[in-house]
Amino acid sequence: MKKIFNNNLGFTLTELLVAASLFVIVLTFGTNIYLSITNTQKSNYSMQKILNDSRFLLDMIAQDIQNNYIDYQTGGYPDASPEDELHLKMSDGSSVIYNREPAPGSLTRSVNGNPTTLSSAYINITKLDFYIYPLEQNETEVPFVVIVWQAEEVGPTDPAVINLQTAVSLRNY
């Protein structure tokens with residue numbers, strides 16, 4: 001009897017090329033998905049950081065508005081156009097002014113003329129408008145302030161931008 005030995009112990013060159021090509025294709029798709037998820041996560045983190053800072057600062061302004069009075073004499077709100085400063089009078093007679101410093105894009109709170117920067121270094125406030133109603137003090141209408149806010153991330157070429165708006169009425173009316 002004659003024994004026939006089949007010498008198929010390995011892969012052919014064609015099989016290796018097909019397997020390597022499939023591996024490269026799967027690896028390319030996997031890498032693209034990983035990079036896309038990582039970029040989305042970074043973008044969401046930046047947006048969350050800006051949102052948290054913005055909400056904190058807006059809540060601080062809202063608390064001051066609710067617990068104090070609009071200072072119509074100092075502020076001088078002549079018409080319904082947006083104001084770049086908000087003047088408040090505290091119950092102890094102190095004056096508080098909120099405004100945006102344009103050069104660094106930061107929120108400033110001045111108490112009796114002593115300014116304090118409230119916003120952090122990684123947020124740039126690009127818009128801060130105050131709409132005061134009524135335009136002059138009267139006894140029949142409850143004053144309120146609408147705050148329009150836009151902030152962006154400092155640093156990247158395509159910064160995350162957030163727009164917020166809130167209306168706050170006075171409690172001490």
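How many helices and strands does the chain have? The chain has two helices and eight strands. The model is a predicted one. My points follow.

1. **Order of elements.** Start with the order along the sequence. The pattern reads α-β-α-β-β-β-β-β-β-β.

2. **Overall shape.** What radius of gyration does the chain have? The value is 30 Å, whereas a compact globule of 173 residues would have one near 16 Å. Along the principal axes they are about 120 × 30 × 25 Å.

3. **Surface and burial.** Of the 173 residues of the chain, 29% count as buried. The accessible surface of the chain comes to about 11,600 Å². Carbon and sulfur atoms hold 56% of that surface.

4. **Contacts along the chain.** Take the contacts between residues at least 6 apart in sequence. Of these, 49% join residues at least 24 apart.

5. **The five-stranded sheet.** Which strands form the open sheet, and in what order? Five strands take part, in the order β1-β2-β3-β4-β5. Their pairing is antiparallel. In general, strands of a sheet pair through backbone hydrogen bonds. The edge strands are β1 (69–70) and β5 (114–117). Each of these two pairs on one side only.

6. Look at β3 (residues 95–101) and β4 (residues 106–111). Six bridges join these strands, which run antiparallel.

7. **The aromatic pair.** The structure holds one aromatic pair. Its members are Tyr133 and Phe144, with ring centres 5.4 Å apart.

8. Are Tyr133 and Phe144 buried, exposed or partly exposed? Tyr133 has 40% relative accessibility, so it counts as partly exposed. Phe144 has a relative accessible area of 29% and is partly exposed as well. Both values fall between the limits of 20% and 50%.

9. **A charge over a ring.** Another ring to check is that of Tyr122. The charged end of Lys49 sits over this ring, 4.4 Å from its centre.

10. **Ile125 in β6.** Is Ile125 buried or exposed? Its relative accessible area is 0%, so Ile125 is buried. The residue belongs to strand β6. Ile125 touches residues including Arg100, Leu107, Ser119 and Trp149. Gly105, Ser106, Gln150 and Ala151 are also among its contacts. Neighbours up to four places away in sequence are not counted there. Thr74 gives a distance to compare by eye: the C-alpha atoms of Ile125 and Thr74 are separated by 24 Å. Along the chain, these two residues are 51 residues apart.

11. **Asp129 in β6.** Strand β6 also holds Asp129. Asp129 has a relative accessible area of 15%, so this residue is buried; the cut-off for buried is under 20%. Which residues does Asp129 touch, beyond those up to four places away in sequence? They are Pro82, Glu83, Val146, Ile147 and Val148.

Key:
Residues numbered from 1 in each chain as written. Predicted model: local features only at pLDDT ≥ 70, side-chain atom pairs only at ≥ 80, totals over all residues. Heavy atoms only, no water. Phe/Tyr/Trp six-rings, centres within 6.5 Å; stacked < 30°, edge-to-face > 60°. Buried < 20%, exposed > 50% of the residue type's maximum accessible area, 1.4 Å probe, protein only. Lys NZ or Arg CZ within 6 Å of the ring centre and 35° of its normal. Helix = DSSP H or I, 4+ residues; strand = E, 2+ residues; numbered from the N terminus. Rg over C-alpha atoms; globule rule 2.2 N^0.38 Å. Contact = heavy atoms within 4.5 Å. Areas by Shrake-Rupley, 256 points an atom, 1.4 Å probe, with all protein chains shown as cover. Pairing = 2+ DSSP bridges.
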